[in-house]
Amino acid sequence: MTRVIGMAAVVVLVLAACGSSATDEDGPATGEGPDTVVLSAPAELATAALPANDAAPPGIPPDSAGGSFGFSRYVYEELGDEIVTTLVEGPLAMQVRAPVSYLQLKELQERGDSSDHLSLDSDELAALVEQLDTLRDATEKYKDVQLALDDGFVRATDEVPNMGAHFVNGWRSLNGEFDPAKPEVLLYVTDDSGEWELVGTSFVLPTQFAGLDHPEAFAGPLDNWHVHYQVCTGPNTISRSSTADECQANGGVWAPTLGWMIRAWVWVDNPLGVFNMWNPNLPPVVDGVEIEASRSTASAVGAARTVPIQNFGFEESRVKAGEALAWINVDGVPHTVTAGSRGQPNGGVDSGLIAPGQSFAVRFDHSGEYSFTCTLHPFMTTTVVVEE
Ligand SMILES: [Cu+2]
């Protein structure tokens, strides 16, 4: 555990950017077409005990938190005093992660494009588009939230950044059946007039029914289903992992797991991918294109080091007292750099929203260990070690 020791940091806000979109050689593309990443058996498995099935966490968790939702197979968080696996995503064998939206898939299919780069053959592409069209047609009526409530959907979370509020159909969530016309979850955000607007859907398959192996549900390999562990839900929660005690103290309902889940974005199109967890077109939407400058701007203000915020993760960093450290957001959605941990600010430095492509720099005048988090994504936490 790290403590924040008398922070006397001078904050330098640097407006930086990358030309037209928030892309990086290593980061997810945001709408410029397919840039598929295929992950095979994760490296950490070479040294850890091999899990018994797709849903199982690795036998031996690492000794520090890490991993990122929507980008790595495992996410490890510090809960209580322990490092635990809070998320497992995708099949154990091979995952295909492609930032291709629903509308882009339809376009590829209409063009009769070869989809080799998506690891989809044309039949799978056609079947997938048909499933997604079915989902869209079947949920159109739920643009009227009252019809969703009438059909048994109940709000189970607050509005999650770049995700929306989850309205869950309890019966469907328990039956273990996959039907593209019957999503278990509808996602809504409140519009300017305070009305609920339908933005997406999500599916839930409990492992007791669907089994511990990755569901074969949507056609092709793009649907990386995930399993959350130690989940806290409730109308005032944002559906994240916590200890049972912490969850109950916040008025939430705790569960060891809810089973296999996946989002499908057929309403508000998602350039990070039709099945991605995060949708940059949902609030907080920030315009990364308007921002002028670059990584070199961050170093021009005297930052000794510039580190990327990418794939929903920070890098641990070391600087010398008196030096500045700059963070650049190379993800497709906003983040914050906020003194504190697990999404909780401690009253110190706070960047506010850092748009894709934007930078934020902090000068550290005194040695010590400083912890930072992202208030939008509480699992994002890092420590900066400042040496004499
Ligand atoms: Cu964040």
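Two strands count as paired if DSSP finds at least two bridges between them. The model shown in these views is predicted.

**View 1. Strand β14 beside strand β20.** β14 and β20 (residues 381–387) run parallel and are joined by 4 bridges. Within this pairing, S317 has V384 of β20 as its bridge partner.

**View 2. The open sheet that contains β14 and β20.** This sheet has 5 strands in the order β14-β20-β19-β16-β17, and its pairing is mixed. The edges are formed by β14 (317–320) and β17 (344–350); each has a single partner strand, so one side of each lacks a neighbour in the sheet. On average, neighbouring strands here are turned by 40° against each other, direction ignored.

**View 3. Packing of helices α1 and α2.** Helix α1 covers residues 102–111 and helix α2 covers residues 122–139. Their axes lie 10 Å apart, and the helices pack at an angle of about 135°. Angles over 145 degrees would count as roughly antiparallel and 65 to 115 as roughly perpendicular; α1 and α2 are therefore oblique to each other. Their crossing is left-handed.

**View 4. Residues at the contact of α1 with α2.** From α1, the contact is made by Y102, L105, K106, L108 and Q109. α2 contributes L125, A126, L128, V129 and L132. By class, the residues of this contact divide into 8 nonpolar, 1 polar and 1 charged.

**View 5. The whole protein, for context.** The protein has 7 helices and 20 strands. Of its 388 residues, 48% count as buried. Among contacts with a separation of 6 or more, 62% are between residues 24 or more positions apart.

Definitions and conventions. Residues are numbered from 1 along each chain as its sequence is written. This is a predicted model: local features need pLDDT of at least 70, side-chain atom pairs count only at pLDDT 80 or more; totals for chains, interfaces and linings use all residues. Axes are lines fitted to C-alpha atoms, for helices over the stretch in contact, and angles run from 0 to 180 degrees between N-to-C directions. Helices (H or I, at least four residues) and strands (E, at least two) are DSSP runs, numbered from the N terminus. Angles under 35 degrees count as roughly parallel, over 145 as roughly antiparallel, 65 to 115 as roughly perpendicular and the rest as oblique. A crossing is left-handed if the near helix is turned anticlockwise from the far one by less than a right angle, and right-handed if clockwise. Two residues are in contact if their C-beta atoms, placed from the backbone, lie within 7 Å. Ala, Val, Leu, Ile, Met, Phe, Trp, Tyr, Cys and Pro count as nonpolar, Asp, Glu, Lys and Arg as charged, and the others, Gly among them, as polar. A residue is buried if 20 or more other C-beta atoms lie within 10 Å of its own, exposed if 12 or fewer, and partly exposed in between; C-beta atoms are placed from the backbone.
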